[in-house]
Every structure is written in structure tokens, then in C-alpha cells.
Amino acid sequence: MPVSVLSDGTIRRLVEAGEIVIKPWSPELVQPASIDLRLGDSFRVFHNHVAPLIDLRDGPPPGLTEEVTASAQDGFVIHPGEFCLGRTEEWVELPGDVVARIEGKSSLGRLGLIVHATAGFIDPGWKGTLTLELNNLTRVPIKLYPGLLIAQLSFMALDKPAERPYGSEELGSHYQGQVAATESRYMR
């Protein structure tokens, strides 16, 4: 059975049937083969002065990041060359036979804002908000606001349900159920 990207009608049908969960649900955000996602209010900023380096044999040093909550009025500034974590406003739940990919909005990419470095794949069984890996590639600060259209999520049907979806006890899924921008849990 071929694996295929889900169309707008299929996305709406699966969300309305409760097979894919997106909260809050806004049908007007559905695009031809994806759904737009909005930026949440939770960010994690890095304290580069805390550690001389990140040694991956030891895992991330404690206190490397700090959570910052942005208001709709003040927003959040990401400075040139800065990397930080953000999250989507939407809570997403995938069934065992659907995976998703998160990608940046092309209009923001053309302004130098990248929304993910490597974590663009969402496993079947996922439940939570999505952490964004934000990077400003320009030489100009970019001001972000909660509720901003930040990314798009496309869905692909698997040939059959996963035998061990994300969140299965034996997998030790580190990020299941996250609601804030979540720091690395590497080595846990």
C-alpha cells in the first residue's frame, strides 16, 4: 500500500472524526495539503555563559536554558544568529497510522527565520505541543508574537499502524505530553 500525503479534505475529515486531534481547531487554517500552526507563548533561551561547551557524552549541562513566556503585547525578540526554542499554540495528537512533518512558512523563511533545525518529524502516537527550533539567520532582530502563523504541518498515512507508536512504555518517549517549549532530554 503506498504511503501518501493527506489532502485538505482528508485532514478536515480526520480531525472532525477525532482521529487526529488539533486543539484549538481552526478549519480556516487548513491548506491544500497541510494545516498552518500558530506560535505559542513559551520560549527557552540559552545561557551560553553557563557552560564552556555541550559535551554530548555527558548530556546538556544543567541550567543551560531558561523558560521565557511572551505576552501578546510585548512579543519575543530573536536576535541575529540566535537559536532558541519555542512551541506551537496547537496541541497535536496523531493516531498509530499517521505521521506528520513540520515545516516553516515560506514567507518567514524569506525573512531569515528558520523554525526547525532537525526535529521536523512527528511520530505516530505523538501527543503534545510541538517544540520549534527557532533560528534568526539575518543581521536584524525579528520580533515574534504568540498567535503568529509560524509553521505548517503535513500528514502522511502509514501502510499499517505502528507496532510501537510514540509514547509506548518500552520506548521511553521523552517528550510525550509536553505543553511548553521543552529543552533537550538527551541522555535521559
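**Pocket, strands and contacts**

Analyst: Start with the lining of the largest pocket: its residues divide into 19 nonpolar, 10 polar and five charged. Keep in mind that this is a predicted model.

User: How many residues line the largest pocket in total, and which lie nearest its centre?

Analyst: The lining has 34 residues. Nearest the centre of the pocket are Glu 133, Tyr 175, Thr 182, Glu 183 and Ser 184.

User: And how much space lies in the largest pocket?

Analyst: About 840 Å³.

User: Which strands each supply at least two residues of the lining?

Analyst: S8, S11 and S12 do. S12 gives the most, with three residues.

User: OK, strands then. How do S8 and S12 pair?

Analyst: They pair in the antiparallel sense, over eight bridges. S12 covers residues 127-136.

User: What about S2 and S8?

Analyst: Strand S2, residues 21-23, pairs with S8, residues 83-93. The sense is antiparallel, with three bridges. Ile 22 has Val 92 in S8 as its bridge partner.

User: What is the peptide bond from Lys 23 to Pro 24 like, cis or trans?

Analyst: The bond is cis, with omega near -5°. Pro 24 sits in the loop between S2 and strand S3, which spans 30-31.

User: Let's move to S14. How many bridges join S1 to S14?

Analyst: Two, and the strands run antiparallel. S1 is residues 4-5. Ser 4 has Ala 157 as its bridge partner in S14.

User: How do S4 and S14 pair?

Analyst: In the antiparallel sense, over four bridges. Ile 35 stands opposite Leu 153 in S14.

User: And S9 with S14?

Analyst: Also a pairing in the antiparallel sense, over seven bridges. S9 is residues 98-104. Ala 100 has Phe 155 in S14 as its bridge partner.

User: What does the side chain of Asp 36 make polar contacts with?

Analyst: Its contacts include the side chain of Gln 31, at 3.2 Å. They also include the side chain of Lys 105, at 2.9 Å.

User: New topic. How many aromatic pairs does the structure hold?

Analyst: Three. Take Phe 43 and Phe 76: the ring centres are 4.0 Å apart and the planes stand at 5°.

User: Why does the pair of Phe 43 and Phe 76 count as stacked?

Analyst: The planes are at 5°, and the cut-off for stacked is under 30 degrees. So the pair is stacked.

User: Give me another pair. What about Trp 126 and Tyr 166?

Analyst: That aromatic pair is tilted. The rings are 5.4 Å centre to centre, with 50° between the planes.

User: Which parts does the pair of Trp 126 and Tyr 166 tie together?

Analyst: Trp 126 lies in the loop between strand S11, 121-122, and S12. Tyr 166 lies in the segment after strand S14, 149-157. So the pair ties together parts 40 residues apart in sequence.

User: Trp 126 and Tyr 166: buried or exposed?

Analyst: Trp 126 is buried, with a relative accessible area of 7%. Tyr 166 is buried as well, at 16%, and the cut-off for buried is under 20%.

User: Last one. Where is the place of Ser 106?

Analyst: Ser 106 is in helix H2, residues 106-109. With a relative accessible area of 47%, Ser 106 is partly exposed.

User: How far is Ser 106 from Thr 118, C-alpha to C-alpha?

Analyst: 17 Å separates the C-alpha atoms of Ser 106 and Thr 118. The two residues are 12 apart along the chain.

How values were computed: Residues numbered from 1 in each chain as written. Predicted model: local features only at pLDDT ≥ 70, side-chain atom pairs only at ≥ 80, totals over all residues. Heavy atoms only, no water. Pairing = 2+ DSSP bridges. Phe/Tyr/Trp six-rings, centres within 6.5 Å; stacked < 30°, edge-to-face > 60°. Buried < 20%, exposed > 50% of the residue type's maximum accessible area, 1.4 Å probe, protein only. 1 Å grid on protein atoms, 1.4 Å probe; cavity = no way out; pocket = protein on both sides within 12 Å on 5 of 7 lines; lining within 4 Å. Points joined across faces, edges and corners; volume = space filled by probe spheres on them. Nonpolar A, V, L, I, M, F, W, Y, C, P; charged D, E, K, R; others polar. Polar contact = N/O pair within 3.5 Å; in protein donor to acceptor, adjacent residues only side chain to side chain.
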